[in-house]
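Hello,

The structure we talked about is below. Please look at its aromatic rings alongside my notes.

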Amino acid sequence: MIARMARVALVDVNNFYASCEAVFDPRLAGKPVVVLSNNDGCAVARSAEARARGIKMGEPWHLVGERGRGVIALSSNYELYADMSNRVMRMLAAAAPALEIYSIDEAFLDVSGIPAVSDFGRGLRAQIRQWTGLPVCVGIGSTKTRAKIANFVAKNNPSQDGVFDIEALDEAAETAWLASIPVNEVWGVGRKIAVRLAALGIASVADLRDRPVAEIRSHFGVVLARTVRELRGEPCLELEALAPAKQQIMCSRSFSREIETLDELREAVLTYVSRAAEKLRGQGAIAGGVQVFVQTNNFKVDTPQYSRGLTVMLSGASDDTLELGQAAVRGLRAIYRPGFKYKKAGTMLIDLRPKAQRESTLFENPHERAKRDRLNAVLDRVNLRFGRNSLTLAGAGVRRAWSMQRQHLSPAYTTEWAALPVAH
């Protein structure tokens with residue numbers, strides 16, 4: 001084994017969406033809770049009690065049947081979840097010298113120089129619970145992959161009290177733990193790879209760790225071979241303090257009802273491209289083109305079907321909401337066909353590059369460009385302060401009867417004054 005000096009901690013919020021809801025509605029504690037996807041379609045988060053009912057991730061809610069009796073179903077409250085995630089990440093950033101935010105509910109921390117790291121993990125877990133109400137588990141290892149496995153143990157074994165340091169084990173105890181964990185729990189090992197591994201007699205994490213790296217590389221390539229090296233304690237994946245810039249930015253949604261008119265489709269497309277443009281400016285980038293697409297409901301086989309997309313390239317790369325919106329509408333008009341009932345539309349910004357690399361075009365007015373930059377900056381500041389869509393393009397409309405259906409939406413407890421609980 002390689003000498004293990006570095007320490008990485010993976011902090012993961014348990015049942016994140018459901019836990020966020022329970023913080024502000026204590027009646028949900030200990031109850032089976034399911035959070036539904038856009039338009040209240042599928043289960044995208046489940047409390048432990050809901051999982052015990054056999055409700056699967058991604059399962060359509062209308063097909064749950066008797067298993068859903070007594071289960072509390074809630075619409076996705078994205079505003080609440082994003083705010084609670086930001087609170088947790090700020091706490092983690094203050095607790096360790098380096099932080100990599102891996103997803104909305106988990107992050108890697110560099111804890112190499114922290115003494116009594118298990119005690120640190122328990123203290124951090126208690127602090128997050130006290131300050132936010134959210135339960136977390138902490139996995140500690142010498143590599144990111146080992147920290148992931150340690151987090152799995154912490155989360156699935158109540159005897160560990162939510163914190164597990166795999167490096168505190170001797171070799172025999174480590175092998176016993178890893179032998180008890182299915183190989184599909186390894187970071188990056190999906191169902192198909194797990195089946196191929198099983199055909200080679202690799203069923204557990206210990207089996208994978210102990211196979212020759214060269215053999216794994218010959219069958220599965222360099223990525224899984226690197227995972228094996230990480231399982232053995234050889235760091236191959238560095239913490240990324242900054243998330244890499246996205247190469248495309250997509251925004252799309254299914255409608256709450258089918259729509260037929262070009263006007264309503266234009267409202268949706270302009271709403272989506274506005275959100276994408278805000279994200280684009282947030283990462284300091286510009287886009288060279290816009291893709292727009294529409295499609296009907298392919299689950300309704302008895303109705304006429306139509307699906308079409310189009311890419312509109314810009315004369316000069318831009319981050320201007322108005323310019324990107326105009327390009328998207330040009331594409332929409334070209335692909336729209338009357339007589340169909342559309343269920344979904346979307347936009348994607350492509351050919352992204354840093355704004356600092358922007359080149360002026362021959363006929364560009366630099367004063368007009370500066371005015372547009374100031375306008376977009378005001379747009380972002382207003383929406384950041386007063387909430388999304390407080391200021392938007394007129395063509396995006398205000399009624400938006402096609403908007404996502406969220407019939408079981410909880411209040412935006414932390415981001416809207418009007419949603420604050422009232423004490424009687």
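F108 is buried, at a relative accessible area of 0% (buried means under 20% relative accessible area, exposed over 50%, partly exposed in between; 1.4 Å probe, protein chains only). The model is predicted: local features need pLDDT of at least 70, side-chain atom pairs count only at pLDDT 80 or more, and totals for chains, interfaces and linings use all residues. Residues are numbered from 1 along each chain as its sequence is written, and side-chain values use heavy atoms, with hydrogens and water left out.

There are twelve aromatic pairs in the structure. Rings of Phe, Tyr and Trp (its six-membered ring) pair if their centres lie within 6.5 Å; planes under 30 degrees apart count as stacked, over 60 as edge-to-face and the rest as tilted. One of the pairs joins Y102 to F108; the planes stand at 70° with the centres 5.8 Å apart, so it is edge-to-face. Y102 is partly exposed, with 36% relative accessibility. K144 lies over the face of F108, 5.0 Å from the ring centre (NZ of Lys or CZ of Arg within 6 Å of the ring centre and within 35 degrees of the ring normal).

Y306 and F340 make a stacked pair, 5.1 Å centre to centre with 25° between the planes. This pair links distant parts of the chain, 34 residues apart: Y306 is in the loop between β10 (285-296) and β11 (307-318), and F340 in the loop between α12 (321-335) and β12 (342-354). Helices (H or I, at least four residues) and strands (E, at least two) are DSSP runs, numbered from the N terminus. Y306 counts as buried at 15% relative accessibility, and F340 is buried at 18%. Ring pairs also join Y306, Y336, F340 and Y342 into a cluster.

Regards
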